[in-house]
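This report describes a predicted model.

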Amino acid sequence: MTKKESEKNDALEQDYLTIPNLFLETNKHAFAYREMGERVGIPLIMLHHLSATLDNWDYRVLNQLAKNHWVIVFDNVGVGLSTGNVPRTIAEMADDALEFIHALDVNQIDLLGLSMGGMIAQELVVKEPQLVRKLVLVGTGPRGGQGISDVIRIANKDLVRSIFTRKDIKNYLFFTSTANGKQKAQEYLSRIHERIAVKDKNIRLSSYNNQLKAINRWAWFIVSISR
């Protein structure tokens, strides 16, 4: 086996539970990130949901993706171990994400956005459409879309429920209250706590509040059409 083939196999055998935290510094910020898979071709950049850090990705999903993709996940500005302050608009979050992506020195990316990450992804692709080859939007909605204005009310209600029940808020935000939903929530939460390598830092309350404000502004966006 050649050295190149050995390095390729090592990359493909990486496990999200054990890969290290990495840091990428720009003129403005230091971004915490993790990457998996063979570092060739076009990377798959993944943007996470409200309040999430690197530790909230399901390792089974990322391990599977990394078998055939160069996968990069990161904490945006002010989240987890990344420096700076979380902005109060989705558009500014997209600018911050672009800052990280350009610092990677890649010409093109595939982009997956989950929930709030999907909102950021939509802004990003509008700002630099030539950068994104493929766009995958998961569990998200359009700017000003129906029902998005309910996110803050639902998130705050579920936060109170989680405090009183002493359960992770993700039990209520992402899973149904059926027996199957409760089981899947328990399985997911067990998996994200299995990481044995250096962990990320939980999001600050002030950063979480800024994210909610950004989503609220996104929800109440009104398109004005000039005639």
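## Surface patch

A nonpolar patch on the surface is formed by Val160, Ile163 and Phe164, which together have about 360 Å² of accessible area. Val160 belongs to helix α5, residues 151-165. Its relative accessibility is 43%, so Val160 counts as partly exposed, since that class lies between 20% and 50%.

## The sheet

Six strands make up an open sheet with mixed pairing, in the order β1-β2-β4-β3-β5-β6. The edges are taken by β1 (22-25) and β6 (132-138); each has a single partner strand, so one side of each has no neighbour in the sheet. From one strand to the next, the twist averages 30 degrees.

Strands of a sheet pair through backbone hydrogen bonds, in either a parallel or an antiparallel sense.

## Antiparallel pairs

β1 and β2 run antiparallel and are joined by four bridges. The two strands form a hairpin, with four residues between them. Within this pair, Phe23 stands opposite Ala32 in β2.

Strand β2 (residues 30-36) is also joined to strand β4 (residues 71-74) by four bridges, and these two run antiparallel. The bridge partner of Tyr33 is Phe74 in β4.

## Parallel pairs

β3 and β5 run parallel, with four bridges joining them. Here Leu47 has Gly113 in β5 as its bridge partner. β5 also pairs with β6, again in the parallel sense, over six bridges. On that side Gly113 stands opposite Leu137 in β6.

How many of the six residues of β5 are buried? Five of the six are, and the strand is mostly covered.

Helix α4 (residues 116-127) lies across β3, β5 and β6. Relative to β5, α4 runs at about 140 degrees.

## Salt bridges

Side chains of opposite charge can pair when their charged atoms come close. The structure holds seven salt bridges, and some of them are described below.

Asp110 and Arg133 form a salt bridge in which the closest N and O atoms are 2.7 Å apart. This pair links distant parts of the chain, with Asp110 in strand β5 and Arg133 in strand β6, 23 residues apart. Asp110 counts as buried because its relative accessibility is 7%, whereas Arg133, at 45%, counts as partly exposed.

The side chains of Glu35 and Arg39 also meet in a salt bridge, at 3.1 Å from N to O. Are the two residues buried or exposed? Glu35 has 17% relative accessibility and therefore counts as buried, while Arg39 is exposed, with a relative accessible area of 54%.

In another salt bridge, between Lys184 and Glu187, the closest N and O atoms are 3.7 Å apart. These residues are three apart in helix α7 (residues 179-192), so about one helical turn separates them. Lys184 is partly exposed, with a relative accessible area of 39%, and Glu187 counts as partly exposed at 31%.

Notes:
Residues are numbered from 1 along each chain as its sequence is written. This is a predicted model: local features need pLDDT of at least 70, side-chain atom pairs count only at pLDDT 80 or more; totals for chains, interfaces and linings use all residues. Side-chain values use heavy atoms; hydrogens and water are left out. Two strands pair if DSSP finds at least two bridges between them. Axes are lines fitted to C-alpha atoms, for helices over the stretch in contact, and angles run from 0 to 180 degrees between N-to-C directions. Contact means heavy atoms within 4.5 Å. Patches are made of residues with over 30% relative accessible area and no salt bridge: like charges are joined within 9 Å, nonpolar side chains (Val, Leu, Ile, Met, Phe, Trp, Tyr) within 5 Å. Accessible areas come from the Shrake-Rupley method with a 1.4 Å probe; for residues, only the protein chains shown count as cover. A salt bridge is a side-chain nitrogen of Lys or Arg within 4 Å of a carboxyl oxygen of Asp or Glu. Buried means under 20% relative accessible area, exposed over 50%, partly exposed in between (1.4 Å probe, protein chains only).
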